[in-house]
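Subject: Structure for you to look at

Hello,

Here is the structure I said I would pass on. Please open it beside this message and follow along.

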Amino acid sequence: MRLPERSGDQVRIGVAITVPEPYGSVLQAARARFGDPWAEFIPPHITLLGPTVIEHHEILPVDEHLATIAQHHAPFVIRLRGTATFRPVSPVVFVQVTEGAGGCEALERSVRSGVLTQELRFRYHPHVTVAHEVPDEQLDAAFGGMADFDASFVVDSFHSYAHGDDGVWRPARDFSLTGSPADAGVITAT
């Protein structure tokens with residue numbers, strides 16, 4: 001996993017939709033079963049902003065930015081179903097977002113604006129990783145082993161995560177989606 005370097009009192013953050021229980025535990029156990037070394041460090045999630053380094057004094061403006069975004073997006077339904085892969089570009093197998101991708105994309109665009117504006121290395125593709133940086137046999141096992149996975153849930157919030165010195169990503173703050181459906185897709189730059 002590529003993590004941006006940090007120094008001094010900089011903080012490494014991420015923003016994601018956390019997969020709720022009981023599905024989160026199922027996906028985390030699957031990731032561990034397929035030998036992914038990051039299984040115990042990364043809760044199952046749909047990334048909205050990948051690992052990003054900010055200055056410590058930027059935490060409050062980032063939180064304000066995310067709170068404003070949450071006010072402009074309404075809850076929506078996610079369905080996770082089946083598997084796909086980013087191979088050969090990247091050694092990743094994931095569970096697909098088959099419903100709610102538009103809601104994820106709208107949130108991602110809004111999050112990646114204002115104080116969190118940044119360029120993407122690859123086009124945004126909402127997904128939940130179940131195997132990453134493991135041998136091909138394990139990627140194949142994850143692809144087949146999770147092919148029948150099917151779960152639906154309401155996304156009514158997203159989280160900012162902080163990356164600890166121990167390598168674990170932990171939820172730092174919860175942002176409840178309180179917008180109306182008419183607000184969908186609003187990009188708010190603060």
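Below is what was found in it, from the whole chain down to single residues.

Please keep in mind that this is a predicted model.

The whole chain

The protein chain contains 4 helices and 8 strands. Read from the N terminus, the order of its elements is β-α-β-α-β-β-α-β-α-β-β-β. Its C-alpha atoms fill a box of roughly 45 × 40 × 30 Å along the principal axes. For 190 residues, a compact globule would have a radius of gyration near 16 Å, and the protein chain agrees with this because its own value is 16 Å.

Of the 190 residues, 44% count as buried. The accessible surface of the chain is about 9,300 Å², and carbon and sulfur atoms make up 53% of that. Among contacts with a separation of 6 or more, 76% are between residues 24 or more positions apart.

The core

In soluble globular proteins, nonpolar side chains tend to be buried together. In this chain, the largest nonpolar core has 41 residues. Those with the most contacts inside the core are Ile17, Leu27, Ile46, Leu66, Ile78, Leu80 and Phe158.

Backbone details

Two cis peptide bonds can be found in loops. One joins Glu21 and Pro22, with omega about 5 degrees. Pro22 lies in the loop between strand 1 (11-18) and helix 1 (23-33). The other runs from Arg87 to Pro88, again with omega near 5 degrees. Pro88 is in the loop between strand 3 (76-85) and strand 4 (92-99).

Glu133 is not a glycine, yet it has a positive phi of about 55 degrees. Look for Glu133 in the loop between strand 5 (127-132) and helix 4 (136-145). Its relative accessible area is 41%, so Glu133 is partly exposed.

Is Arg31 buried or exposed? Arg31 counts as buried because its relative accessibility is 5%, which falls under the 20% cut-off. Arg31 lies in helix 1. Leaving out residues up to four places away in sequence, Arg31 touches Asp36, Trp38, Ala39, Ile42, Thr129, Val130 and His132. Arg31 and Pro171 are 140 residues apart in sequence, and their C-alpha atoms are 19 Å apart in space.

Pro75 is in the loop between helix 2 (59-71) and strand 3. At 41% relative accessibility, Pro75 counts as partly exposed. Leaving aside neighbours within four places in sequence, Pro75 is in contact with Val154, Val155, Asp156, Leu177 and Gly179. Gly179 is 104 residues from Pro75 along the chain, and the C-alpha atoms of the two are separated by 7.7 Å.

Regards

Note on methods:
Residues are numbered from 1 along each chain as its sequence is written. This is a predicted model: local features need pLDDT of at least 70, side-chain atom pairs count only at pLDDT 80 or more; totals for chains, interfaces and linings use all residues. Side-chain values use heavy atoms; hydrogens and water are left out. The radius of gyration is taken over C-alpha atoms; the globule rule is 2.2 Å times the number of residues to the power 0.38. Buried means under 20% relative accessible area, exposed over 50%, partly exposed in between (1.4 Å probe, protein chains only). Contact means heavy atoms within 4.5 Å. Accessible areas come from the Shrake-Rupley method with a 1.4 Å probe; for residues, only the protein chains shown count as cover. A nonpolar core is a set of buried Ala, Val, Leu, Ile, Met, Phe, Trp, Tyr and Cys residues joined through side-chain atoms within 4.5 Å.
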